[in-house]
Amino acid sequence: MGTPTHCPYCALQCGMTLSRGGAETGGGTGKRGGAETGATVRVAPRDDVPANRGGLCQKGWTAAELLTAPDRLTAPMMRRSRDAPLEPCTWDEALDRVAAEASRLRALHGPDAVAVFGGGGLTNEKAYQLGKFARVALGTSQIDYNGRFCMSSAAAASGRAFGMDRGLPGPVTDLAASGAVLLAGGNVAETMPPFMRHLTEMRDGGGALIVVDPRRTATVRQADLHLQPVPGTDIALANGLLHLLIAEGLADEDYIAARTTGFGAVRTVVNAYWPDRVERITGVPVPRMREAVRLLARAGRAHVLTARGAEQHARGTDMVSAFINLALALGLPGRAGSGYGCLTGQGNGQGGREHGQKADQLPGYRRIDDPAARAHVAGVWGVDPETLPGPGSSAHELLSALGTAAGPKALLLFGSNPVVSAPGAAAVEERLGALDLLVVADFVPSETARRADVVLPAAQWAEESGTMTNLEGRVLRRRRAVPPPDGVRTDLEIIGALAGRLRAPGEWSTDPAEVFAELRRASAGGTADYSGITYERIEAEGGVFWPCPSRDHPGTPRPYLDRFPTPDGLARFVPAEHHGADEDVDAGYPVYLTTGRVLAQYQSGAQTRRVPALAEAAPGPFVELHPDLAARLGIEDGGQVRVESRRGTATVRARLTGAIRHDTVFMPFHWAGEGRANLLTNPALDPVSRMPEFKVCAVRLEPAAASPPHAPGA
Ligand SMILES: Nc1nc2c(c(=O)[nH]1)N[C@H]1C(S)=C(S)[C@@H](COP(=O)(O)OP(=O)(O)OC[C@H]3O[C@@H](n4cnc5c(=O)[nH]c(N)nc54)[C@H](O)[C@@H]3O)O[C@H]1N2
Ligand SMILES: Nc1nc2c(c(=O)[nH]1)N[C@H]1C(S)=C(S)[C@@H](COP(=O)(O)OP(=O)(O)OC[C@H]3O[C@@H](n4cnc5c(=O)[nH]c(N)nc54)[C@H](O)[C@@H]3O)O[C@H]1N2
Ligand code: SF4
Ligand SMILES: [Mo]
């Protein structure tokens, strides 16, 4: 039979069944040591989950192998003094030290001296409890999370257009019945492979896939039309498409009049984006733009989707607004089977942004500066609203302030590895080193955990239960299939034990079901209302879509059908002007660098670099560049290259491909050490979302002296 659950990695949350026992048969199993010597955990895809319907990618198939990673953390560790090595200790020693040190720093410097950093991989229960822990047990305003580096620009743009931020406008299966999908800045064939089947089904039914990407990716190879812009020019491109749509009389005037506001100002702006000008800015030929507009306008049902390529920019919020404007002029949002959607990235990237681990947020997608929201949530927490701190700083600002005179002196980190994944990684490492106390809860000694003063070993996905909200806004059950190894605790147990030591008021259950019951009450009446969702309903209904404000409410697969959750019920056009990259190319740094992902590695790689089959498939960092550019620079395929930006230098292998623009190179960001893409990236922030510009900066390249091959797992 086995335990039905979902993959630990990305937001598609593919359904899988975990079963125990039996002999090990190679790929797809994790062999358990210690108390359960010989037991194995076997992964099989579920075909009753619409998102993946029997499919899994290589990361999902091998997910159980991390349960028994040779260097899995199974005992707390701490440093007795600053320069001492990390040594195993007891849980009491570790937790006492964290509580005592946090209390001391708070007494000395005030409550904001202790900061918290969370992650979009945490279950709803954990994300909720972490936000409550920061506000109630520590009293700090300084909490944010890695989702700020992920979909925050799309969240901000969706909020201002629709009054709400929920990744997709309907079930992912709606895509298959679409007549056209425009995907801007997403490489789903590598980042969520089973998602491709919905797009393939659409194409089989006559629909067209249009992809906007500076690279001819695996996704583009399955598309009908490729628009290949210069990185950072998507606003101009989207405005150009809208210009053509209007010029050709294809805008949906009736829909615009009935369901939207603000079109006039956008029309005035896009007036100046005539096709030749847009071709000059973006490099996309006018006939391709015309073709894209024709395919979308003729489609009937259609979707405009964005992913990180069109979001991780210093103007990322405006970039998404420009694509939303196009979707609105086509009359898509709020029509069944059509709409604008953002492809959320992390496993619980959606739920993780709803329940309070974000600097400006309280559970239920409430604002922390809203007096009514504060009163409601403080009531659930059993504290005086006056005691709740106000908004804190965004992820990059928080990390940049660590250990400075006015900044936090301690950081508690759950579910992120910023030494690899944060922009300006070298500066972040320096800030972490300046802290009085760094505490990291993780399953493995990530690059960030290795720098910690206290390391707390946490339970993995197959060893805990809770809920995850996938990219559709569907709340799903994560179910425990095996007990954690001896010495390992769940994140809820860790948070509960620290709250107790800090004498925090209120309840600190370590039982996910109890925490979820409290989350439901805290979210009641908020935008992301979970109050009608129960574990039983999720089980019986195959997941429940939020908002779901009562037990007899069916949940909301398609939220905008009747009206948008804005004060007047109308969607808002928001004008967006092209600004170009924060750091443009020049004589010193003549090439654009963009960054992203490959199929076999996940994020900072802390997990996937430890799975042998994945490490073999994607063994080390590289830079992808066009053969013509390589020839000009004297760079050979497979040779070592120095890639240099104004912030640092990375040394990686060259991978030559005609699938990228001549003026652009690409690096995945999954590896540590001197090949880190984030030694180079530009931490310029979007003014609204505070998203860093991961997707474009200026670099120069030169061949490097040969160096030994990269060790896997390093
Ligand atoms: N294998 C794998 N899968 C993952 C993850 C992973 O780490 N590995 N992470 C998960 C997470 S958290 C996320 S957020 C998602 C991300 O999923 P995606 O957004 O699909 O992934 P990326 O590779 O970051 O970026 C997508 C594409 O954007 C393109 N791009 C770069 N610059 C620009 C630009 O200026 N404009 C446009 N239009 N495109 C541009 C890149 O060439 C790249 O092909 O993936 C999830 N799934
Ligand atoms: N250059 C560049 N940089 C990027 C991006 C890019 O496109 N380009 N993308 C950005 C994006 S979209 C994202 S989402 C970030 C992600 O980057 P990170 O925030 O570093 O994400 P992960 O590598 O998933 O790190 C998660 C860490 O927490 C641990 N972990 C996972 N789940 C849990 C849990 O439930 N509990 C605990 N205690 N620990 C857990 C893992 O073992 C791992 O060490 O990277 C960003 N950085
Ligand atoms: S697509 Fe995402 S959820 Fe599905 S198996 Fe791969 S990593 Fe897991
Ligand atoms: Mo992400």
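An oxygen atom of ligand 2 lies 2.9 Å from a polar backbone atom of Asn417. The model is predicted, and every distance and area below is computed from it. An N or O atom in the side chain of Ser421 is 2.7 Å from an oxygen atom of ligand 2, and for the side chain of Ser604 the corresponding distance is 2.5 Å. On its own, ligand 2 has 910 Å² of accessible area, and the protein covers 97% of it.

The shell that provides this cover consists of 30 residues, of which Asn146, Ser416, Ser421, Asp442 and Ser604 come nearest to ligand 2. By class, the shell around ligand 2 holds 14 polar, eleven nonpolar and five charged residues. Ligand 2 lies between domain 2 (77-82 + 91-149 + 354-510) and domain 4 (591-703), because both domains give residues to its shell.

Ligand 1 is surrounded by 32 residues, and the closest are Asp213, Asp234, Arg597, Gln601 and Gln603. Among the secondary-structure elements, helix 5 (188-191) and strand 24 (591-596) each supply at least two residues of this shell. The shell around ligand 1 divides into 15 polar, nine nonpolar and eight charged residues.

The backbone makes several polar contacts with ligand 1. A polar backbone atom of Thr191 is 2.8 Å from a nitrogen atom of ligand 1. For Leu599, a backbone N or O atom lies 2.9 Å from a nitrogen atom of the ligand, and for Val212 a backbone N or O atom lies 3.2 Å from a nitrogen atom of ligand 1. Taken alone, ligand 1 exposes 920 Å², and the protein buries 99% of that area.

Ligand 3 remains. The space that ligand 3 takes is the second largest cavity.

Two details of the backbone complete the picture. Tyr365 is not a glycine, yet its phi is positive, at about 60°. Tyr365 is found in the loop between strand 15 (361-362) and strand 16 (366-367). The other detail is a cis peptide bond, which joins Trp546 and Pro547 with an omega of about -5°. Pro547 belongs to the loop between strand 22 (544-545) and strand 23 (571-572).

Terms used. Residues numbered from 1 in each chain as written. Chains lettered and ligands numbered in written order. Predicted model: local features only at pLDDT ≥ 70, side-chain atom pairs only at ≥ 80, totals over all residues. Heavy atoms only, no water. 1 Å grid on protein atoms, 1.4 Å probe; cavity = no way out; pocket = protein on both sides within 12 Å on 5 of 7 lines; lining within 4 Å. Sits in = over half its atoms within 2 Å of the grid points. Near = heavy atom within 4 Å. Polar contact = N/O pair within 3.5 Å; in protein donor to acceptor, adjacent residues only side chain to side chain. Areas by Shrake-Rupley, 256 points an atom, 1.4 Å probe, with all protein chains shown as cover. Helix = DSSP H or I, 4+ residues; strand = E, 2+ residues; numbered from the N terminus. Nonpolar A, V, L, I, M, F, W, Y, C, P; charged D, E, K, R; others polar. Domains from an automatic or database assignment.
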